[in-house]
Amino acid sequence: MLLVRQGTQFDKELLPELMALVSSEMEKSVLAKKTAIEMTNDLEDGKIFLAFWKEELIGLVSYHDWNQCIEIMTIFVKDDFRRRGIGAYLAKTVYHFLKKTSKKRIVVMPNNSSKSLFLNLGLSPIDKALMNPKMRCACHGCAEEDQFPVCHCHYLEKVDGQNIVIEVTDQLNLDHRFYNQYLYLYKNMWTDAPWFETWTLQSTIEELRTYDDKQALFVLAHNDDRLVGFCTGYFVEKKEMREIAKHEQFNPVLDGYIGFYVAEVGVVRGLREQGIGLKLLQSMMAKARQRGVRTPLIISRTKAPESEYLFATCGLSKTKIADGGDPQRFYWVSR
Ligand SMILES: CC(C)(COP(=O)(O)OP(=O)(O)OC[C@H]1O[C@@H](n2cnc3c(N)ncnc32)[C@H](O)[C@@H]1OP(=O)(O)O)[C@@H](O)C(=O)NCCC(=O)NCCS
């Protein structure tokens, strides 16, 4: 039977067992290095949660208070007990404890094997450039310390999804306060199914530069200085729409009208399904109409079921026109 409980000063006798459990992962830089003294202090301060199977110590998770934020760290489950939901349970236990006992921002630097545990708790991937610099202390001794921020750890934060601000701008250049965050968010937005796209910083910058020659609109969703979503689009003519769609016969309805093409809409994982995408797209459509686009000529394309749902909610209709370059992507137009 599984028992997870907060460590106490009386658990100091478990220290050799605890160190034996995590030492090889610390050696390999899988876990941030901690000395026996630090572990003892964490136990005394109740900053470690221990997992037992019957009497056996099989896992742990700890946290560290960096003053401005609290980091969940050192999550570990013994080999034979993995992939049974114990890691997820440890993550959930410490996360809810912290939510109950502190108002500070909860953050984590997971690796690939623990990332999903925290995404499932609603934490969002955030640009490492926004990390509290004090947290870098935990990188000391890591084999990839010199490669930061291009290293194996991710950086996630719990971002408040309630007080989101929507802002519309014509230009998103170096001077814009969200320029860097936009590049980071965009670059990482399309790595999952169904896109599986790989973007580098350079290709993202180049993509953004293509908007310089267009009459573009950027809608940004942010909270607490964190950019959490974007929608981009630009005014188009029939010829340009044919080039975008790689489709010779594309949408003759554009003849004589000003059209507007919604190129991208994305919300950071952790804040999806909370209406942010809807606010982004509705704001974009309202702004495009304000600038002279007449119904029915707002156009977009997608193959992701969640975007189809979003488009339908915003009053777009699915056409039978598939993209010439990707036959799974269908075009949608405003009614
Ligand atoms: C990361 C770690 C703590 C996860 O612990 P775990 O107990 O295996 O975690 P869970 O079982 O809760 O979840 C892990 C995966 O198993 C899957 N899983 C959970 N229950 C399962 C089951 N009954 N059958 C099959 N898979 C299951 C989960 O869905 C999850 O898969 P996903 O990553 O594809 O979403 C563990 O792998 C570990 O100790 N690794 C070494 C230390 C480490 O890397 N720590 C992170 C430092 S940042």
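1. Ala, Val, Leu, Ile, Met, Phe, Trp, Tyr, Cys and Pro count here as nonpolar, Asp, Glu, Lys and Arg as charged, and the others, Gly among them, as polar. By that division, the shell around the ligand holds nine nonpolar, six polar and four charged residues.

2. The model is predicted: local features need pLDDT of at least 70, side-chain atom pairs count only at pLDDT 80 or more, and totals for chains, interfaces and linings use all residues. Residues are numbered from 1 along each chain as its sequence is written.

3. The protein has nine helices and 14 strands. Helices (H or I, at least four residues) and strands (E, at least two) are DSSP runs, numbered from the N terminus. Along the principal axes, the C-alpha atoms fill a box of roughly 80 × 40 × 35 Å. Of the 335 residues in the protein, 34% are buried. Buried stands for 20 or more other C-beta atoms within 10 Å of a residue's own, exposed for 12 or fewer, and partly exposed for counts in between, with C-beta atoms placed from the backbone.

4. Among contacts in the protein with a separation of 6 or more, 67% are between residues 24 or more positions apart. A contact requires C-beta atoms, placed from the backbone, to lie within 7 Å.

5. Strands count as paired if DSSP finds at least two bridges between them. The antiparallel strands β3 (residues 56–65) and β4 (residues 69–77) are joined by six bridges; S62 has M73 in β4 as its bridge partner.

6. Another open sheet of seven strands, also with mixed pairing, runs β8-β9-β10-β11-β12-β14-β13. Its edge strands, β8 (165–169) and β13 (316–322), each pair on one side only. On average, neighbouring strands of this sheet are turned by 25° against each other, direction ignored. Strands β12 (residues 298–302) and β14 (residues 330–334) pair in the antiparallel sense over four bridges, and S300 stands opposite W332 in β14.

7. Helix α7 (residues 238–245) packs on this sheet, touching β10 (226–236), β11 (259–267), β12 and β14, and its direction makes about 40° with that of β11. Helix α8 (residues 276–290) lies across β8, β9 (216–223), β10, β11, β12 and β14, at about 30° to β10. Axes are lines fitted to C-alpha atoms, for helices over the stretch in contact, and angles run from 0 to 180 degrees between N-to-C directions.

8. Around the ligand there are 19 residues, of which R82, G87, A88, S114 and S116 come nearest. A residue is near a molecule if its C-beta atom, placed from the backbone, lies within 6 Å of it. β4, α3 (86–101) and α4 (112–119) each supply at least two shell residues; the largest share, four residues, is from α4.

9. Some backbone geometry deserves a check. The F148 to P149 peptide bond is cis, with omega about 5°, and P149 sits in the loop between β6 and β7 (156–157). A cis bond also joins A193 to P194, with omega near 5°; P194 is in the loop between α5 (179–189) and α6 (201–209).

10. R83, in the loop between β4 and α3, is not a glycine but has a positive phi near 60°. R83 has 7 other C-beta atoms within 10 Å and is therefore exposed. D225, in the loop between β9 and β10, has a positive phi of about 70° although it is not a glycine. D225 counts as exposed because it has 9 C-beta neighbours inside 10 Å.

Technical notes
Contact = placed C-beta atoms within 7 Å.
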